[in-house]
Number of protein chains: 2
Amino acid sequence: MMVLGRNNVQISGQGNRAMMFAHGFGCDQHMWTAVARAFEADFRVVLFDHVGAGQSDLGAYDAAKYASLDGYADDVVEIGRALDLSDAVFVGHSVSAMIGGLASVKAPGMFSDLIMVGPSPRYVDDDDYVGGFSHAQVEELLEFLADNHLGWSAAMAPVIMGNPDQPELGAALEQSFCATDPEIARQFARATFFSDNRADLPKITARTLVLQCREDIIAPPCVGEYVHAQVPGSRYTLLDATGHCPNLSAPEQVTAAIRAFV
Amino acid sequence: MMVLGRNNVQISGQGNRAMMFAHGFGCDQHMWTAVARAFEADFRVVLFDHVGAGQSDLGAYDAAKYASLDGYADDVVEIGRALDLSDAVFVGHSVSAMIGGLASVKAPGMFSDLIMVGPSPRYVDDDDYVGGFSHAQVEELLEFLADNHLGWSAAMAPVIMGNPDQPELGAALEQSFCATDPEIARQFARATFFSDNRADLPKITARTLVLQCREDIIAPPCVGEYVHAQVPGSRYTLLDATGHCPNLSAPEQVTAAIRAFV
């Protein structure tokens, strides 16, 4: 129960193949509810919370381990080992798209398919690489978050979510941000926004689908295209959706794209 | 995924302690839905189907392995190992009460608590032991089952369920009986009704609760009292319920008794 309790693993659905869903920063497994449910008839659906999020075991939080995305990827591999996963499908949103990519490289054979929803291997611009943020911008964002967790959540959630015509979506994301332990949120934000996993993309051998929204302030289309270009043999689908959380704002489109791919 | 897929394992709920529910003959994990849901707030609820039942992998059925309850108990241990269970609660209905007892002996430390709902270590009378059935009666029952699976289901389900004032319960059990593969049902019935696990009861070291209905044609109170007397330190609760399936006919009582015990 150690690993499954630590990451609040939930298993539902049928079939011999597993589909694991991983949530992004400031969220938990509930952000996948609508999409995951659609696959329960055909897949054994595995949901979990990263340590520090949702109903995970906060006592397992280790600032050193989770200072980089590797720590989170190690947890994904441990969950996969505990469940004896092979040839499974990994669906990761935002930072968890890259976490899934790292996990797939760490444990060959565990994930045959990787679906990256709004991925970014690096959020900060670098020479001719466009991540979408300057180093100073990210430092400012992180300072604001450290200073005023609730204010940051209120300001950022609607911007990240987009879809201002559905204000309830931004409100839900804000609530989710606020529910996170502030210190853990600060550290996870730093691990996320200063990550640079560009060199890991060519190592990914899983069949990969990049799902990109046409307007996304966190992971703009040029970043999705970069991921697609760097992951060998990957496919790229530009969703007719906006914002950074199509699993919440356009679940039917995300579901259809995943279904078409697997 | 091997073991979890084979036994259609589903995991829900919260908490660091697991509660595993096991269904009886001719049923599947859905017979526990009402009771299990009540524990999701405090326990990691593990549901599964025995091989041959429900949505288990029929390809894993092995007549030799499942000719005795040991084969089923081995599966429970394998599920427990796959999930790294320790100090978990096992709740078994009917034949699965005994299967849980065997599993608890095979894997010390896996199950700290054992809740036996309508258990019987032997269904056939023997010298001064009263199981409730003569050998000839059981042979007749099994012949009837082999001859006419649907007729047997229609005749037996309401008798086993009791509670004639709630005919929908018997009808549901009949449907469940009918949905089972006839050959597997025949073999599981033989393994169940000719089992003799009286000598295993004194080996059980888990904290044990025997839940007994005051009228039960399959496992009468004298059998429940025998189990209570043989399992060291066990507790015995006579439910104000009738029939062999209080988890379906009196789920609130079963839930309350389990809660009071754990």
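This is a predicted model: local features need pLDDT of at least 70, side-chain atom pairs count only at pLDDT 80 or more; totals for chains, interfaces and linings use all residues.
A pocket here is an open set of points on a 1 Å grid over the protein atoms alone, where a 1.4 Å probe fits, with protein on both sides within 12 Å along at least five of seven lines; lining residues have an atom within 4 Å of a point. The lining counts 29 residues, and A:I11, A:S12, A:E40, B:I11 and B:S12 are the closest to the centre. Helices (H or I, at least four residues) and strands (E, at least two) are DSSP runs, numbered from the N terminus. The largest share, 4 residues, comes from β1(B). Sorted by class, the lining has 8 nonpolar, 16 polar and 5 charged residues (Ala, Val, Leu, Ile, Met, Phe, Trp, Tyr, Cys and Pro count as nonpolar, Asp, Glu, Lys and Arg as charged, and the others, Gly among them, as polar).

Now for the helices of chain A. The axes of α5 (residues 135-147) and α6 (residues 149-161) of chain A lie 5 Å apart, at an angle of about 130°. Axes are lines fitted to C-alpha atoms, for helices over the stretch in contact, and angles run from 0 to 180 degrees between N-to-C directions. So α5(A) and α6(A) are oblique to each other (under 35 degrees counts as roughly parallel, over 145 as roughly antiparallel, 65 to 115 as roughly perpendicular and the rest as oblique). Contact, meaning heavy atoms within 4.5 Å, joins A:L141, A:F144, A:L145 and A:D147 of α5(A) to A:H149, A:G151, A:W152, A:A155 and A:M156 of α6(A).

With α8 (residues 182-193) of chain A, α5(A) crosses at roughly 170°, the axes coming within 10 Å. That makes α5(A) roughly antiparallel to α8(A). This contact has 7 nonpolar, no polar and 3 charged residues.

Lastly, α3 (residues 69-82) and α4 (residues 95-106) of chain A cross at roughly 60°, with axes within 8 Å, which makes α3(A) oblique to α4(A). Their contact splits into 10 nonpolar, no polar and 4 charged residues.

Residues are numbered from 1 along each chain as its sequence is written, while chains are lettered from A and ligands numbered from 1 in the order in which they are written. Local features need pLDDT of at least 70 and side-chain atom pairs count only at pLDDT 80 or more, whereas totals for chains, interfaces and linings use all residues; side-chain values use heavy atoms, leaving out hydrogens and water.
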